[in-house]
Amino acid sequence: MAQRKELTPDQLKALHEGLAIPAHPLALDENRKFDERRQRALTRYYIASGAGGVAVGVHSTQFEIRDKDVNLLEPVLRLAAEEVDRAKLDRPFLKIAGICGPTEQAIAEAELAVSLGYDMGLLSMGGLQDWTEEQILERTRAIAELIPVFGFYLQPSVGGRIFSFRFWEQFANIPGVAAIKMAPFNRYQTIDVVRAVCYSDRRDEIALYTGNDDNIVTDLLTSYRFQVDGQTVEKKIVGGLLGHWAVWTKNAVELLEEIKQVRDNEQLSADWLTRNIEVTEANAAFFDPAHHFAGCIPGIHEVLRRQGLLEGRWCLNPEEELSPGQMEEIDRVYRDYPHLNDDEFVKRHLNEWLAQ
């Protein structure tokens, strides 16, 4: 088996210091066909916003890209990789590929990602409900031999499942696991992962990232402390890999940088708790928890459509549309929290990003 391509020292340092990583949407035209021009524009937007990477082929990119009659996984991954390489950035930037399915499929997707120059694989545990925890750990070990793994705790309401503390402890001990995104939308389960990593011998080798859209700011400000064999061990959630950060990305990058400046301060202002609620409110409008997240992808698309980055809200599944009242909620958060959007930034650069 081919040897795993490791992250460079610069990439590792950046990953552990904390990056804002948007989950990359899929640009379609009115016939629901791949819109390559606008797909490139999105990648250029994320790079120009100062994001530290992009996650492509993940939930926000629509899992249907893997369907045989759609067959877009390779083109979508390739396009993003081309744009990142073309940008010739003088800072670390992580190309992260979503990896799904049973072991055979996951290995094929990991090999595709490696062949296209991806740095990490975000390994989804979705759709494996009848697998034992040990089988899922075996699958993880197989992928970690091919590409550095970004683990992913996905909330049950969108296809994830609950894992035990012991599972995460063993998961953290797998060589090649470099980061874990926690998105159970649940405090108990988030703490489970952080504590499990603290109990692992590899605790310093794993960067923790939030995917908890309902608690982004607080996740990033919190220091977790546990007693491990009589020693106090501390770990922070350093960055975010989020569908929420696929929109208003420049402001999300600035928010993370501001948090990095203050998070070691013992005298944190209570204003941060208010800001957490503002971000969560905006997320509720985009991600549609009121309807069990049914409108989350169209919600992201609607914001990008308003900014001119996308032409419409179209998804591969014609049934996927905004939920009742969701448009009004997006209007409201635009009105109530104007400081959260980056519309002016997008407006200034849109034509250059859309240029062929």
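Arg225 is exposed, with a relative accessible area of 52%, where exposed stands for over 50%, buried for under 20% and partly exposed for what lies in between (1.4 Å probe, protein chains only). Its salt-bridge partner is Glu234, and the closest N and O atoms of the two are 2.5 Å apart. A salt bridge here is a side-chain nitrogen of Lys or Arg within 4 Å of a carboxyl oxygen of Asp or Glu. Glu234 counts as partly exposed, at 39% relative accessibility. The model is predicted, so local features need pLDDT of at least 70 and side-chain atom pairs count only at pLDDT 80 or more, while totals for chains, interfaces and linings use all residues. Residues are numbered from 1 along each chain as its sequence is written, and side-chain values use heavy atoms, with hydrogens and water left out.

Across the whole structure, the search finds 31 salt bridges. One of them joins Lys13 to Glu17, with the closest N and O atoms 3.0 Å apart. Both residues belong to helix H1 (residues 9-17) and are four residues apart, about one turn of the helix; helices (H or I, at least four residues) and strands (E, at least two) are DSSP runs, numbered from the N terminus. Lys13 is exposed at 52% relative accessible area, whereas Glu17 is partly exposed at 43%.

Another salt bridge pairs Lys95 with Asp85, the closest N and O atoms being 3.1 Å apart. This pair links distant parts of the chain, 10 residues apart: Lys95 sits in strand E3 (residues 94-99) and Asp85 in helix H3 (residues 73-87). Lys95 is buried, with a relative accessible area of 10%, while Asp85 is partly exposed at 44%. Salt bridges also link Glu36, Arg40, Arg44, Glu74, Arg78, Glu82, Glu83 and Arg86 in a network.

Turning to the rings, the structure holds 15 aromatic pairs. Rings of Phe, Tyr and Trp (its six-membered ring) pair if their centres lie within 6.5 Å; planes under 30 degrees apart count as stacked, over 60 as edge-to-face and the rest as tilted. The ring centres of Tyr153 and Phe163 are 6.0 Å apart and the planes meet at 55°, so this pair is tilted. Both Tyr153 and Phe163 are buried. Phe163 also pairs with Trp168, with centres 5.8 Å apart and planes at 80°, so that pair is edge-to-face. Ring pairs join Tyr153, Phe163, Phe167, Trp168 and Phe171 into a cluster.
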